[in-house]
Amino acid sequence: MSAKPEWADKDYYADLGVSKSASQEDIKRAYRKLARENHPDKNPGDAAAEERFKRAAEAYDVVGDPAERKEYDDFKSMVAGGGIFGRGGGAGFPGGFRSSGGAQDFDLSDLFGQRSGGPSAGGGFGDIFGGVFNRGGSAGHTAKPSRGADVETEIELDFREAAKGTTIPIQLSGQAPCTDCHGSGSETGKTQSCKDCNGTGFTSENRGAFGFSAPCTTCGGTGSTIPNPCKSCSGRGTVHRTRSITVRIPAGVIDGQKVRLAGQGEAGPNGTPSGDLFVKVSVKADPVFDREGDDLLVTVPVSFAELALGDTITVPTLDNPVRVKVPAGTPDGRTLRVRGRGVPKRGGTAGDLLVTVQVTVPKNLDAAASSALRSYAQAEKDSGFNPRAGWAGNASS
């Protein structure tokens, strides 16, 4: 049986702890959880956590991308069917190559597109392998450059800060570009083509009748090396440090929502792109306001007389108070709408302010107030008013 390359037996779904049928969103959530739990900054000196972090990152780099995930699934299906690395070769190989005695030797670099004129020149296996393992489908392509890790942090905002939007400074600890070499990893800023892989990013190895390609260990698959590594970062281009950034939280953010800041995550090695920063917002409850979408909700205590006779009351908003007219005869619990005084929206508009009136009954009345209220109660009865008329089976009392 032919020897399989190291990556042929990797199960990226198992590395992320998801099933093969998991959605892209499930895969993303699983990766972020693993990256957050096993990040080297959170687990200093823990080799097992660092290994889990690396495996999750490698897996997400493939199955986190829908196109590469499809190619990976196709590749694993062919492997499971014995069409590529199974005993005896056969239909799984382009042109029906066989590995039995006396068979023609061939190099799988043909499949990867490393040899001009090989079977991958017209697509097929070269395209599949190239997409899955970050290899070009034709000669001259190099490994896809890596990027910095995504970072997630959490902040807590007051209700009004979340509703109106705010700008808040936060501190992050992690990999940042080296200031001495400006992130290049080189003291002179120069790189040179890797001599071990001739700048391709891959090296080939013959195993019996087969040849396999793998990322070059000298250059890490980048195709280039640094002749004069920066002493401050040992040629990595990044150093661990704490930095402060200012995060702008847009108006109307809700509890649990995440704000994405592209390129504000950890710096990538040797000038490659930084990851993203995800800021999860936790919103404190407010003693006065609630919200429903973009509408601002407030319950205002009123007296019976204000509802019965009508009045104009002062109501708080996110900015300055407003005057709201309460029509005579307004029932307890009615909601009045004030347009445009709610939570700000994109485009400069805002939701509405919904004012619910709630009668507050006085606990202690002086003699004059009590006498006046008794006179009113008697006048109410004399007028024929019955608050329970038509209620509970037309009860009359």
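## Basis of the model

Residues are numbered from 1 along each chain as its sequence is written, and side-chain values use heavy atoms, with hydrogens and water left out. Because the model is predicted, local features need pLDDT of at least 70 and side-chain atom pairs count only at pLDDT 80 or more, while totals for chains, interfaces and linings use all residues.

## Helices H2 and H3

Helix H2 spans residues 24–38 and helix H3 residues 47–63, and their axes come within 9 Å and cross at roughly 155° (helices are DSSP runs of H or I with at least four residues; axes are lines fitted to C-alpha atoms over the stretch in contact, with angles from 0 to 180 degrees between N-to-C directions). That crossing makes H2 roughly antiparallel to H3, a term used for angles over 145 degrees.

The two helices touch (heavy atoms within 4.5 Å) through residues including Ile-27, Tyr-31 and Leu-34 of H2 and Phe-53, Ala-56 and Tyr-60 of H3. By class, this contact has 10 nonpolar, 2 polar and 3 charged residues, where Ala, Val, Leu, Ile, Met, Phe, Trp, Tyr, Cys and Pro count as nonpolar, Asp, Glu, Lys and Arg as charged, and the others as polar.

## The second largest pocket

H2 also gives the most to the lining of the second largest pocket, with 4 residues, and strands E1 (151–157) and E2 (166–177) each give two or more (strands are DSSP runs of E with at least two residues). The lining has 5 nonpolar, 3 polar and 7 charged residues.

Methods:
Parallel < 35°, antiparallel > 145°, perpendicular 65-115°, else oblique.
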